[in-house]
Amino acid sequence: MMERPIRERFEYLKKNALKDFPGMDEKKGTTIYVGTATCGRSAGSLEVLSSFEDILKTLNIEARIIKVGCHGHCYAEPMAVVSKPGWPPIMYGYLTPNRAQILIRRFFNEEDPALEWALGAMEENDMVPTVYETPRWSRERRWLLKNCGCIDPEDINHYIAVGGYEGLMYAIKMEPGGIIEEIEAAGLRGLGGAGFETWKKWNICRDAPEFPKYLICNADEGDPGAFMDRTILESDPHSIIEGMIIAGYAIEAESGYIYVRKEYPQAVSVLTTAVCQARELGLLGKNILDSKISFDIKINQGAGAFVCGEETALIASIEGKRGVPKPRPPYPANRGLWEKPTLINNVKTLASIPKILAYGAEKVSSVGMEGCMGTAVFALAGKIKNAGLVEVPFGTTLRKIIFDIGGGIPPVIKASNVAGELQKTIKKQFKAVQIGGPSGGCLPESLLDTPVCFDTIVDTGAIMGSGGMVVLDEDNCAVETARYFLEFTQKESCGKCTFCRIGTKHMLNILADITRGAGIMEDLDLLEELAETVKQGSLCNLGKTAPNPVLTTLRYFKEEYEAHILDKRCPSLECKDLIAYYIIPEKCQRACDACVGSCPTEAIYTRRDRLKAIDQEKCVKCANCVDACPAQYDAVIKISPISQLPESEPRDDNRSN
Amino acid sequence: METLSLTINGKKIVTEKGKKVLWAARENGIFIPHLCAIEENPSPFGSCRLCFVEIEGKKEPVTSCTEEVTDGMIVNTRTESVLRLVRMAFELIMSRHPIICKECPANKKCALQDISREMGFKLKPKRLPQILPALPVDDSHSLFTYNPNLCVLCGLCVYICNEIVKEAILDFNFRGFITKVGTFQNRPLARAKCNFCLKCVEACPVGALSKK
């Protein structure tokens, strides 16, 4: 009975939205889409944006500039898509304010689209190759990130115009139980990292007898090197809001919270705007579009504690208490916020919901693998050519993600000081990939053919986590990597339970000793036992997963630990206390002084034979001289262990340096 | 009152429904080490990680302060995997607790000494070096002293002050390894408008809070 007016009201909203949204439709004139999410802003996209505005004004070109989110190609930021009548929309990367001006001049005055800066066209055409033919796009399967970078996140009409809130329209027609069945058929699992079946969680919460119920969106993404949630929050906030309304209807909750980190100011501001706009259009609040569903959202800013991503700590934080976890059970689905049944889902899980309802469970579950259906979003960072977000079907191998999509390990490029001479490119070998952030594990090359899925990753000793993927190359030391990640979790420990509070501190001390060359072999057994007991005995998942980097590096890179302890040698030449810099006399050029000026501590001196050498007492191991030494000489090397350092030649007393 | 029966360490026990395993064991003279548990607290704190037991049918040891008894449950408090966890947890606590029993106000009525005696653990950690804090002792209050260096952060005083006495003078300050019990803004106790009930001092299982 209610069906018709709701649909009619929505059609009216949609008609208005389509009027406003330019899309890639060339009939609507020239449009320039500039990526202004956090990654773009830090690469200078706001300057590029104002440069576009200036040049359009100068040349008197009528064009619309739209601020969009992030496509996930963070390596190529600042990026823009230019849609000009007569041409397919073309995506440009690596822009600068200057290039933006030249691009517009060439494109509009000379009809030359400056294809050398283009990544590709966004549509099939017979002039410009499309981005979908590139190795990265062709292997990706954009589902969650579909709208990211294509719409203005601060304009609800854009979201509606590209099919947004259709999922909600389907959901309103269904019974809550039917929605949960649809989610079950889609095989959706918690994309926050644990991989718990979403429908089960929803059912527990729905069956809980108490009211009111609450819904929380966990947007407290805090792992170093992970930014999937941030991108969705900043680029497609309405998909989360829509997912929350549907989830709220399914579990009969009328109020929801988005718990977002304060360190994501852009996300907070975009979300606030999005919630206000949804309220204005009657998509949030009492009786949504005059239906019987009521739902509203509050935005709660976290104070930056990593542990508040743990659901019980998150709830405590919203309640205004100390953000520390509680023993589970009782699980929040039975007793959560204000002691009431509470559903907590991650950003990506909630953003998947509207798509499942709009396109149907069958389509979603057609990709992926047994037990893990759909797609996974990863944040590629570290030693990788094309850092950014990738979305692939579950079951894709790590090798494909890192080498085919991410482009593999970037070489180190050394400049030469001779005009016209080519620079020297040093290829680097892949060493390991840290999956799942500081709670994940460090996997070696032999495991690269593991298909990614919650269960297969756990078997390797890592966890899927929220999807951070930090790639390490041969210059990264396994022990130092474990120490780095453990230092993060140790600092972020809330201090409540014994194992995490004191255990991680001891583990960190042992690792620090090993990287300094002060470790003994007995430390390794103790470290392993500490890691295992902290993993088993800690109260919450922060403590339970904190030892993973240590356990996996001990499992796959034990020989590096032994080299540090037995030989006082860092095989990757990274641990500062175990290396020394040395200038190879045979390679050093008498006439060149490049290294001398680069040294901040005046440790480099001239020998009697005019060659340069390093005073080890003064050297602070900053590596400036390595960079300064021109590529054609390449005379500065690192030596480990320090005991292998050749004896130094005396200084030329007639010279001051 | 509904009762049910379970087996702990081979001993058959009849207890009330809804009770946690830790208290059922304690009532029947079975020692399970613990510092932070309070029977009256409906939501156990679960921070000391000393009360692990093994329950048949569960893969890993669980904390007995959070595990409700069920009919026919078979509990073991001294299996190898339990002892491995408890020994390490105790060693970790002792690695941050100065062993100065002779000068300590809690000597001979200290929960750590009890655990050491009952479980046969040495007070001094065998393998771990001690990392001892050197925090200032709060001697400002007229009736009691708080020595954060001796504190094991069990949270008993915090619970009693907040939930029983409802004074909310004490809570945890700071985070991580440097967490300590303190007042609002870490002010001296004398300035914290304490009501002199001394319930916190009575609750302290070690010598951190002591009467003058």
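## Report on a two-chain predicted model

Leaving aside neighbours within four places in sequence, A:Leu554 is in contact with A:Glu528 and A:Tyr561.

A:Leu554 has its place in helix H22 of chain A. Is A:Leu554 buried or exposed? Around A:Leu554, 21 other C-beta atoms lie within 10 Å. A residue counts as buried if 20 or more other C-beta atoms lie within 10 Å of its own, so A:Leu554 is buried. A:Leu527 and A:Leu554 are 27 residues apart in sequence, while their C-alpha atoms are 9.3 Å apart in space.

The rest of the helix can be described in the same terms. Among the buried residues of H22(A) are A:Asn548, A:Pro549, A:Val550 and A:Tyr556.

| Domain of chain A | Residues |
|---|---|
| Domain 1 | 22-139 |
| Domain 2 | 156-364 |
| Domain 3 | 374-567 |
| Domain 4 | 579-644 |

The centres of domain 3 and domain 4 of chain A, taken over C-alpha atoms, are separated by 31 Å. How many residues of domain 3 of chain A are in contact with domain 4 of chain A? There are 9 such residues in domain 3, and they are in contact with 6 residues of domain 4 of chain A. On the domain 3 side, the residues divide into 2 nonpolar, 3 polar and 4 charged.

Chain A also has an open sheet of 5 strands in the order S2-S1-S3-S4-S5, and its pairing is mixed. Which strands stand at the edges of this sheet? They are strand S2 (63-68) and strand S5 (118-121) of chain A; each has a single partner strand, so one side of each is left without a neighbour in the sheet. On average, and with direction ignored, neighbouring strands of this sheet are turned by 20° against each other.

Strand S1 of chain A, residues 30-35, pairs with S2(A) in the parallel sense over 6 bridges. A:Val34 stands opposite A:Lys67 in S2(A). Helix H3 of chain A, residues 45-58, lies across S1, S2 and strand S3 (80-83) of chain A. The helix runs at about 160° to S1(A).

Chain B has an open sheet too. Its 5 strands come in the order S2-S1-S5-S3-S4, with mixed pairing. Strand S2 (11-16) and strand S4 (62-63) of chain B are at the edges with a single partner strand each, so each has one side without a neighbour in the sheet. Strand S1 (residues 3-8) and strand S5 (residues 74-76) of chain B pair in the parallel sense over 2 bridges. Opposite B:Thr7 stands B:Ile74 in S5(B).

The last topic is where the two chains meet. Here 22 residues of chain A are in contact with 25 residues of chain B. Helix H19 (498-515) and helix H20 (521-537) of chain A each supply at least two residues of the side of chain A that touches chain B. The largest share of that side, 7 residues, comes from H19(A). By class, the side of chain A that touches chain B has 7 nonpolar, 8 polar and 7 charged residues.

Key: Residues are numbered from 1 along each chain as its sequence is written. Chains are lettered from A and ligands numbered from 1 in the order in which they are written. This is a predicted model: local features need pLDDT of at least 70, side-chain atom pairs count only at pLDDT 80 or more; totals for chains, interfaces and linings use all residues. Two residues are in contact if their C-beta atoms, placed from the backbone, lie within 7 Å. Helices (H or I, at least four residues) and strands (E, at least two) are DSSP runs, numbered from the N terminus. Ala, Val, Leu, Ile, Met, Phe, Trp, Tyr, Cys and Pro count as nonpolar, Asp, Glu, Lys and Arg as charged, and the others, Gly among them, as polar. Two strands pair if DSSP finds at least two bridges between them. A residue is buried if 20 or more other C-beta atoms lie within 10 Å of its own, exposed if 12 or fewer, and partly exposed in between; C-beta atoms are placed from the backbone. Domain bounds come from an automatic or database domain assignment. Axes are lines fitted to C-alpha atoms, for helices over the stretch in contact, and angles run from 0 to 180 degrees between N-to-C directions.
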